[in-house]
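Let's take a look at how charged side chains pair up in a protein. Have the sequence and the 3D view ready, and follow along.

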Amino acid sequence: MAAVKGKPLKWKIDAVEELRNIFTSHPVIAIVSFRDVTARQMQDIRREFKGKAIIKVTKNSLIERALDSVNGEFKKLKEFVGDQTAIVASDINPFKLYKLLEETKVPSPLKPNQVSPVDVVVEKGPTPFPPGPIIGELQLAGLPAAIERGKIVIKDTVTIVKAGEVVKPEVARALEKLEIKPIKIGLDVRAIYDSGVILTTDVLAIDEEKIKQDFADAYTKALNLAVNAAYVTPETAEILLIKAFTDARNLAINACIFEKDVMQDIITKAHSEMIALASILPEEALDDELKNLATVAVKPEVEEKVEETEETKEEEEEEEEEEKKEEEAIEGLGALFG
C-alpha cells in the first residue's frame, strides 16, 4: 500500500514563510557555511551582527523551498546550499558584508582525523618546553625534537601535514601543544545575492591595499598626462605655472634675451663658456687676462695629474725594491745548495 503524504507541519510552513519574507525584504542575501563554528562563537557572531544583519539557521530543504517560492534569480542560490548552511540577510553593501563575515573567522587548531585544508609547516627553533615527556610526543608526531641548553628545540623546518591529508591524532596533539592554529573558522561565504546579481567569492575577495595602490598609480599617471598636455585643472594649475616659468627662464637664458630677471644668469653662462674656450686655445691667441683665467681653470687638473704621477712613481720604486729583494733571496738559496 502506497504511503499517503500528510499535510506539512505548521512549523515548517512558518519557517518557509519567514525565510520568504527575509528574502523579499532585504536586497542582500548571503549563503554561508557554519561548519565547525561552535555554539559560543555563533552567539558572539549574532551579537556582533545585531542591527547589521539577520542570521538564520534552518534545514537546507526549507531554505531551498523558500528560494523556489520567490521570483527572480533566487533559485540560482540553491546550488550553494549544502552541508551546514545559514542565511545572512542585510542592507549592507555586499563587499562590505563579505569583509564583515570574513572577520568572524578566528585561528583554530586542527582536529584529529580532520582533512587538513592547508599545508602545516613547523619552523625550526626553540620551544617553550623544558626537557620532559613532551619531547617523546613531539617526536611521535614526526617532529625532529631535541634538547639544547635546557630547552626542547625543533632541529629542522618540517611540513608535518600536507593539504588534503588526514590529521593523525598524535599530530593534532603536538600542534595543539605548540599552539599552532593553521586554519580559521567562522562564517564562510559561498555566494551573495545583490538585487538580482549573484556574486561569488572570487569577485567579493578584494585586496584593499592593491586597490588603493592602483588608485594612487592612476592618479599619478593622470596628473603627469595633464601636465604634459598642458591641461589646466585645479590640481595642475600651480604645477603648470611653475613649469611655464622655468621653461621661459631657460629659453631666455639660452636665447640671450636681455631681461633683468635673467641678465645675471646670461653673464654667468657667457663667463663659463669664455673660460672653457680659453682653456683649449693656444697661448698666443690669448691676452694676459685670459691666460690667467685659463691657468686658474686648468691648474687644479694639472696639480691632480702631478700628484697622480708622484704616487705612481712611488709605487714603481716600491715594486723595484721588492723585486730586488726576491732576486737576492734566490741568489742566496743558489749559493747555499751549490
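Here is a short tour of some salt bridges in this predicted model.

Searching the whole structure turns up 17 salt bridges.

| Salt bridge | N to O distance |
|---|---|
| Glu137 and Lys177 | 3.8 Å |
| Lys210 and Asp214 | 3.1 Å |
| Asp247 and Lys243 | 3.3 Å |

Start with Glu137 and Lys177, whose side chains meet in a salt bridge. Glu137 sits in helix α5 (residues 134–140) and Lys177 in helix α6 (residues 169–177), so this pair ties together parts that are 40 residues apart in sequence.

Now for Lys210 and Asp214. Both lie in helix α8 (residues 208–228), and four residues separate them, about one turn of the helix. Asp214 counts as partly exposed, at 34% relative accessibility.

Next up are Asp247 and Lys243, which also form a salt bridge. They are four residues apart in helix α9 (residues 237–254), so about one helical turn separates them. Asp247 is partly exposed at 41% relative accessibility, and Lys243 is partly exposed at 37%.

Key
Residues numbered from 1 in each chain as written. Predicted model: local features only at pLDDT ≥ 70, side-chain atom pairs only at ≥ 80, totals over all residues. Heavy atoms only, no water. Salt bridge = Lys/Arg side-chain N within 4 Å of Asp/Glu carboxyl O. Helix = DSSP H or I, 4+ residues; strand = E, 2+ residues; numbered from the N terminus. Buried < 20%, exposed > 50% of the residue type's maximum accessible area, 1.4 Å probe, protein only.
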